Amino acid sequence: MSGSARPRERRTDGEPAGRPAGSAGFASPEQVEDGEPDPSSDVFSLGCVLAAACTGNSPFAGSSTVRTLYNIVQGEPDLGALPARLRPIVEACLAKNPAGRPGPAQVLEAVGAPAPTARPWPPAVHQMIDAQHAQLAGLAGTPPKPGGPRTAWAPVGYGQAGQPGTGPADWSSWAPPVAPQPIPPQPIGPPKARGRRRAMWYGIPAVLCVVLAVVAAVVFWPDNSAQPRFPPRAVPNGKGGFLWAVTTDGNKTGEFVGMWSTPTTVVLGTDHEMTAYDIATGAAVWTWKPPEADGSPLLCGMSNTTSDGVGAFTYGVFGKDSVDHCDHLQVMSVATGKLGWAQPVSLVGAGATRWPRQGGSQSLSIGGGVVVAPYAGVNTHEPVTTDLIAVDAKTGRPQWSTDFGGGPQPGDSKACKLGGQAQVYQGRIYALALCTGISPTLDPEVMLIRNPQTLLVSDLLTGCRDSTPDWTLNDARFVLTGNDNYLLAACRSYRDQHYHVSVLASQNGRETAIGNPVDLTFTDTGILDPPAGGSTLPSNLVLGKDSFYLLRKGSSGDDGVVAFGPPSPWQKWNAEVAGASSVVLLGADDSGVVLMAAGMSGPALYTITGKDQVTKVSALNPEQVKAFSDATGDAVPRGVRIGDYVAIVFPGIRKNGETLLGVTRVR
């Protein structure tokens, strides 16, 4: 096969030495540059073959062999005539860097398979096959039985005859096939160069299988099937100044949505997809993409925390009306990427004319066997819905939904409006709400919602009872978050413009509301203002399992961290980084917090585990300094601590090639 990768070597076939082996239009960049080929070179050639099969020519074809080879090394492939469903696969195969290419198994995983069928090929091909069968049967003297059953066809490894196709495989359960046993050496063998070429040719049947499977899947899949796409590539070896990093690739990578973690992986969510990466190596563990629909697929929101290893997320499409339709809810195992429900839950009620949008992600939460998410009912008329739906986290069965819509107007005797922020704590749903006839004052409250008819005041916002009702329930005034161990509510008072923080937690076996209020001495509470749209938490509020952390405010700026945890009044300790005037909190675990501090001694990473327990990990290198410097406004870096590592995401609109996620060691 002319497109299979073969090494540039001492020629034994009469060709001039120094000319790349194989056809010029199908060689990989490392072959052209006299590099040592490996299986990834065959993947590059596979991409060229797939493109040629669809267009009739190599994607790097030039006016001469020299020009073609130049295009392979320096140019971009011409993929304009490729079918849309095939283009992402070919683009990934044709990555210039061998480390950025998928393996054959990943290509098959991404493509999936068409449903098995007895006659998968065009009629003319089957006529030729039938004629050959008849000729062979005649020679053998055993004519075939007319109309006899045929074995249903499916690509190798994708279902059995008579069974439906499996579609894209579950990456979490995939394992590489057992390698074939090597052929014993012969007493007299060919020269070494010839033997190496033979070794490369042994892989050609596998490449042929991939070509056939990919082309068949593209040809026979229905037009409404999901387009296979590859996750953003993690680039190891210090890319971006980190241990490993995910860098942006034009508009293919997407913008940051959320982040989850396990003890060994970090899950990065962008509006294009979610991908889990091994925290130590950057290897992709699994990936999930929103399915194709009438518009551009869109991952809308991810729960800020997970519960028992499960996260909740919403997805939909960016519609042809230029509006995001975030109308599906699903849960997922953070470790494996396996979906929890057979079907997603609809977030749009019967007869509704609106739908949840990305700005409603602050009401997405999971805990205690319950998921709460934004919901659009008949009474939803505003651009961003504030109503809610409660769903059983295990079964996906809806429990109840609200349809308050615009809620009360001044003068209403009894009505409610929800504020678009909700949090599950111990299986109960708390939400920001303004209810006339329920609240002791005309102020927003955190309500315990047992069902749409039963809302109870929690007394978590007593510090903001101003008798100045905020009928819009402005996101910039409120924070509601937490995890399985505590519920945190914060509000900024109209009266003094200061934040007040309250916590609901279990102490000595009893839940205790600490609302008068949490001691915020030394704390920079101005940083609690949520980002625009309310889709993520305030950047410098970091949640731990039993504690949370806020910035410490010094005389010349933010100079450290304040730790909060039980018992009341919850301030545990505060610690200063000497000489610091700017701090970014990055992640926390049971032992303490990781932060970046800049000041007189230059920017560096630190771990802090107590008042006088400040440890400098390392100074930032120039590339890391640039990544932090480019993050401004709502794009403040945020992170997660995973054992010996911290994963740092740099949200916002990133230029091509900039770091989106960087991982480094902190001990």
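Which residue in S10 is the bridge partner of histidine 328? The legend for View 1 has the reply, and the other views follow from there. Keep in mind that this is a predicted model.

**View 1. Here is the open sheet S7-S8-S9-S10, built from four strands.** The strands run in the order S7-S8-S9-S10, and their pairing is antiparallel. At the edges sit strand S7 (296-302) and strand S10 (345-346), and each of these pairs on one side only. Strand S9 (residues 324-333) meets S10 in the antiparallel sense, over two bridges. Now for that opening question: the bridge partner of histidine 328 is serine 346, in S10.

**View 2. A disulfide joins cysteine 300 to cysteine 326.** The structure holds one disulfide, and here its two sulfurs are 2.1 Å apart. Look along the S-S bond and you get -90°, which makes the link of cysteine 300 and cysteine 326 left-handed. Cysteine 300 belongs to strand S7 and cysteine 326 to strand S9, so the pair ties together parts that lie 26 residues apart in sequence. Are these two cysteines buried or exposed? Cysteine 300 has a relative accessible area of 4%, so it counts as buried. Cysteine 326 is buried too, at 2%.

**View 3. Cysteine 48 and cysteine 93 are in no disulfide.** For cysteine 48, the nearest cysteine sulfur is that of cysteine 93, 9.2 Å away. Start from cysteine 93 instead, and the nearest cysteine sulfur is that of cysteine 48, at 9.2 Å. Cysteine 48 is buried, with a relative accessible area of 0%. Cysteine 93 is buried as well, with a value of 0%.

**View 4. Another open sheet of four strands has the order S3-S4-S5-S6.** The pairing in this sheet is antiparallel. Which strands stand at its edges? They are strand S3 (256-261) and strand S6 (284-288); each has a single partner strand, so one side of each is left without a neighbour in the sheet. From one strand to the next, the twist averages 15°. Further in, strand S4 (residues 265-270) and strand S5 (residues 274-278) pair in the antiparallel sense over five bridges. To pick out one of the residue pairs, find glycine 269: its bridge partner in S5 is methionine 274. As a bit of background, strands of a sheet pair through backbone hydrogen bonds, either parallel or antiparallel.

**View 5. Helix H3 (residues 65-74) has buried residues that pack against two other helices.** The buried ones in H3 are Thr68, Leu69, Asn71, Ile72 and Val73. What do they pack against? Their partners are helix H1 (29-32) and helix H2 (39-55).

**View 6. Arginine 641 is a buried residue in strand S31.** The strand covers residues 638-642. Why does arginine 641 count as buried? Its relative accessibility is 9%, and the cut-off for buried is under 20%, so arginine 641 falls on the buried side. A polar atom of its side chain lies 2.9 Å from the backbone oxygen of glycine 643. Leaving aside residues up to four places away in sequence, arginine 641 touches Gly587, Ala588, Asp589, Ser591, Val594, Thr607, Val646, Val666 and Arg667.

**View 7. Ring pairs link Tyr486, Phe548, Phe564 and Trp570 into a cluster.** How many aromatic pairs are there, counting ring centres within 6.5 Å? The count comes to twelve.

**View 8. Glutamine 426 and phenylalanine 522 have positive phi values.** Glutamine 426 has a phi near 55°, a positive value in a residue other than glycine. Its place is in the loop between strand S15 (415-425) and strand S16 (428-436), and with a relative accessible area of 40%, glutamine 426 is partly exposed. For phenylalanine 522, also a residue other than glycine, phi is near 75°. Phenylalanine 522 sits in the loop between strand S22 (510-514) and strand S23 (542-543). With a relative accessible area of 41%, phenylalanine 522 is partly exposed.

Note on methods: Residues numbered from 1 in each chain as written. Predicted model: local features only at pLDDT ≥ 70, side-chain atom pairs only at ≥ 80, totals over all residues. Heavy atoms only, no water. Buried < 20%, exposed > 50% of the residue type's maximum accessible area, 1.4 Å probe, protein only. Polar contact = N/O pair within 3.5 Å; in protein donor to acceptor, adjacent residues only side chain to side chain. Contact = heavy atoms within 4.5 Å. Phe/Tyr/Trp six-rings, centres within 6.5 Å; stacked < 30°, edge-to-face > 60°. Pairing = 2+ DSSP bridges. Axes fitted to C-alpha atoms, helices over the stretch in contact; angles between N-to-C directions. Disulfide = S-S within 2.5 Å.
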